[in-house]
Amino acid sequence: MAIAPSIDMLLEPAPSVAEERNLETVEMTINMGPQHPSTHGVFRMVLTLEGERVKNVQSHIGYLHRGAEKLGESGDLEGYRKAMITLDRTDYLSSLLNEHAYVMAVEKLAGISVPERAEYIRVILGEITRINSHCMFYGAFGADSGATTPFMYAFALREEIQQLFEAVGGARMFPNYYRAGGLREDVPHDFVRRVQTIIDRALYAFDDFDNLITTNEIFLSRTRGLGIIDQTRALDLGVSGPLLRATGLPYDVRRSEPYSIYDRFAFDVPVGTTGDCYERYLIRQEEMRQSVRIIDQALKDLPGGPTMGNAPKALRPPKGEAYVRIENSRGDFGVYLVSDGKSSAPYRVKYRSPCFVNLQSLNDMVIGTYIADAVVALGSIDIVLGEVDR
Amino acid sequence: MTNNAASELTLQAVPSWMPAFLVAPMIGGLSLADLIALVVLLLFVLNFVMIEIWMERKVAGHVQLRRGPLHVGPHGSLQSPADVLKLLTKEDLTPVAADPIVFPMAPYLVFVPVFLTFLVIPWGPLVLFGNFVIRPFDLGLVYMVAIPAMQGIGLVMAGWSSGNKYSLLGSARVVAQLISYELPMVIALLGVAMMAESLNLTTIVESQMKQGWNVFLQPIGFLVFFLATMSEMSRAPFDIAVAESEIVGGPFVEYSGMRWGMFYLAEFAAVCLNSALSTALFLGGWELFPGSHALGLGWISDQFGLLFFMGKMIVLVVIIQWARFVLPRLRIDQLMDFAWKFLLPAGFVNFILTAILQVFGFVPFAIGIGLTLALAAVLLATYQARRSPSTVALIRTSPEAVPTSQGLGLPV
Amino acid sequence: MRGVLGGFLQTLKSFLTKPVTRLYPYEKPPLEARFMGAPSLLWDDAVDEVVCVACNICARSCPDDCITLTGDKYTAGKTNKKNIIKDYFIDLGRCSYCGICVEVCPFDANEMSPHFELSTYDRMTLIYDKDQLIEIGRGVTRRTGKPEPVGPLPGILDPSTYR
């Protein structure tokens, strides 16, 4: 149809009139304040604009700082379990993935072994959490570019996943389910059936998501060619996750440093070429499907047996430190745990938050684009302020 | 029954049963029947807007797998009156930095032109009360383009007088948008005027009954007009000026209570207006189906024409509302590109082809169509060549191709 | 153009699908068996007294420090407790509903109840005392450490709603 020729024209931003004609202009400073419909959480961007173009952006974070790391050191009794609570609530969209990192760190410190069944269930629940998080990204990214419907589609699928978390862990969002050595308790009897139903439903849902905006010309023209970071710059900044993979480097912690039992599963790592917002979006869509693939394989091989290893009742790991790195839905999440051997709480727990590091790329992405593009570029980083601020 | 001698502002072809006192001109040439008709029209517009708002929310809900308003009244039908009541009882906040004269005036300048344009819409054929047009202007098309253009002034006034940077940005975007989309709209209408050989809206509807609906005769014109009016109303996907996720309301952000209600009302009234205009100009107005008059079924339209008009109008309204929830938003420069680089040339092509048809006959017209299709094919071919090859293809790596962190020089 | 039309078709399909909304509060949500609502104290029906012995482990393990309790010497002689609970307060405004207090209790004296509709107008009324906690613990069965019952569990998603 005749609308096609204009798409290419829509890709090239017009040069600034002021620059062309050496007009004197006044810069305007706009505050996209902590409360804003499109910043993903309480994030403040102070944009210096010239007309519609962004000249400079200053990010202000810290509005959601709740002292998660300090609270993790709270002593008295059961400090290692208490730290898990605050960890759940930092990246509230991928809480089970983060819990996995934390319990692996504790197990590394204390030398606890994990039974097979627990490992498989951790992988299954972790990948379901990844799907959960990417659905939320899909919804929020669609809303940033102006379409309100993807949000509702995403939440219809998330509802079922959260119902599963409620059945397994007791709470829809912060199940607090993993423990050092395995799981808090075994999964319910109908776990396999429920997970199978969810992933069958999810595959249909992913197709619906794609039909809605993935090939939409307007969406393409909004996101293609925007927010490009090249690979060297990305590596210099320490960016990880879909942002790094979009630039062409197939780095996924599950493949590069396989942890838990990820080396037993066959899955692909989607990688882009240019590093723009559209490719990040596509990578996350594809990661959801690869997660379904992993869950399928894990469900088939799910063994029976105990779900708790040889963890002592009162957990006091010996003096030492441990750093564990996993692939969060946002990138490379790390937990650094230091124990002093005496107290029942960690001496220091630090979370290496991928969003905090990825957010540094905002300046590169946004300067020189329009305000509308700034919003879309911020959305494509997929930040969760709880994780940025901890 | 056409209004050829419509230079006098009186109702045409007054039925015999109307008593004389109703149609005698009183103040400024308006008769009592005119005043009653105006009041009925105003009430209709206001009530239809409320129904429209309810419809939009219900359509939005079901498209998004949810339900929309449910609790206030059966199926949430009383939600709109409840919202109006809420707006009326809200505190009337005027920002300190707002201009005290311009700020209150702006909402009215946006709503009144929309309502004024309702006067020329031909709602139905000659039935009980005479022609269902409040004022059958001979220059109806000119009137319907000129009067809504005043909305632009109202929006700029709103944005500037708010004393807020977001409003200023919004109003700058809006005025550029409105001016850009006026041109394609007018060019599309020229095609319609040429086909009907009149600027009178009622004549255009009647000519469609003879020649066929303009949506088939002028498909490009319909597309251009429909999209241009969608943009004139700042409806998604052209709603960058009131982009909720960026500048939260644009020029309207400082208005609260019923002042904002007037803007909201104006937007929905404009949706109704433009759907009605599209129906009248392109979808054959009150005809039942294309060709029904030729088949001798004209009497159905004469009796129930108003219902058919309303039905088609509601279909268009639903399509406009539907598009809002499907499509992402165009950026401001993309919006301007769309107007100047696509809609305007398409409108011109339509205009030239229609002119060829009317002046030279069908054969040159067919040649014109052929040339246009050839040109479109060439453009499409060059576009395909310029397009980047992999739009949706991603490289998927095999497990062996992934580097370990040691390979990257990262700490273990 | 195809993408835009695809979007329209997809939304048309959704329009004709049953909405996923649950009409809360007219329809209560199907709670799972393990749902963690407010913590509650369990009552031992056999000896008609509360199970808790005021060992303070739950208060010390709570990540939000929302449990305050005092104990008293046990004089009734019905079981071999040394102490019994006198005052027990949980600040449900602070509680994060994590279930750690239930997990660590060595006497299985508390359990997470399915109560989640706890909204009040006054924050101070969210501090539940012993009697209120026993009240919401009525009918709550012990779940921690017990094997799962065989058969369908309450609140399973209805598979007939899936495609």
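1. How many bridges join β5(C) to strand β7 (residues 127-128) of chain C? In this predicted model, 2 bridges link β5(C) with β7 of chain C, and the two strands run antiparallel; strands here are DSSP runs of E with at least two residues, numbered from the N terminus, and two of them pair if DSSP finds at least two bridges between them. In β7(C), Tyr128(C) is the bridge partner of Ile90(C).

2. On numbering and confidence, residues count from 1 along each chain as its sequence is written, while chains are lettered from A and ligands numbered from 1 in the order in which they are written. Local features need pLDDT of at least 70, side-chain atom pairs count only at pLDDT 80 or more, and totals for chains, interfaces and linings use all residues.

3. Strand β4 (residues 67-73) of chain C is joined by 7 bridges to strand β5 (residues 83-91) of chain C, again antiparallel, and Asp72(C) has Ile84(C) as its bridge partner in β5(C). The 3 strands form an open antiparallel sheet in the order β4-β5-β7 (chain C), with β4 and β7 of chain C as the edge strands, each pairing on one side only.

4. Chain A is divided into domain 1 (16-60) and domain 2 (68-389), with bounds from an automatic or database domain assignment. Their contact takes 15 residues from domain 1 of chain A and 19 residues from domain 2 of chain A, where contact means C-beta atoms, placed from the backbone, within 7 Å. On the side of domain 1 of chain A that touches domain 2 of chain A, the largest share, 6 residues, comes from β3(A).

Notes:
Helices (H or I, at least four residues) and strands (E, at least two) are DSSP runs, numbered from the N terminus. Two residues are in contact if their C-beta atoms, placed from the backbone, lie within 7 Å.
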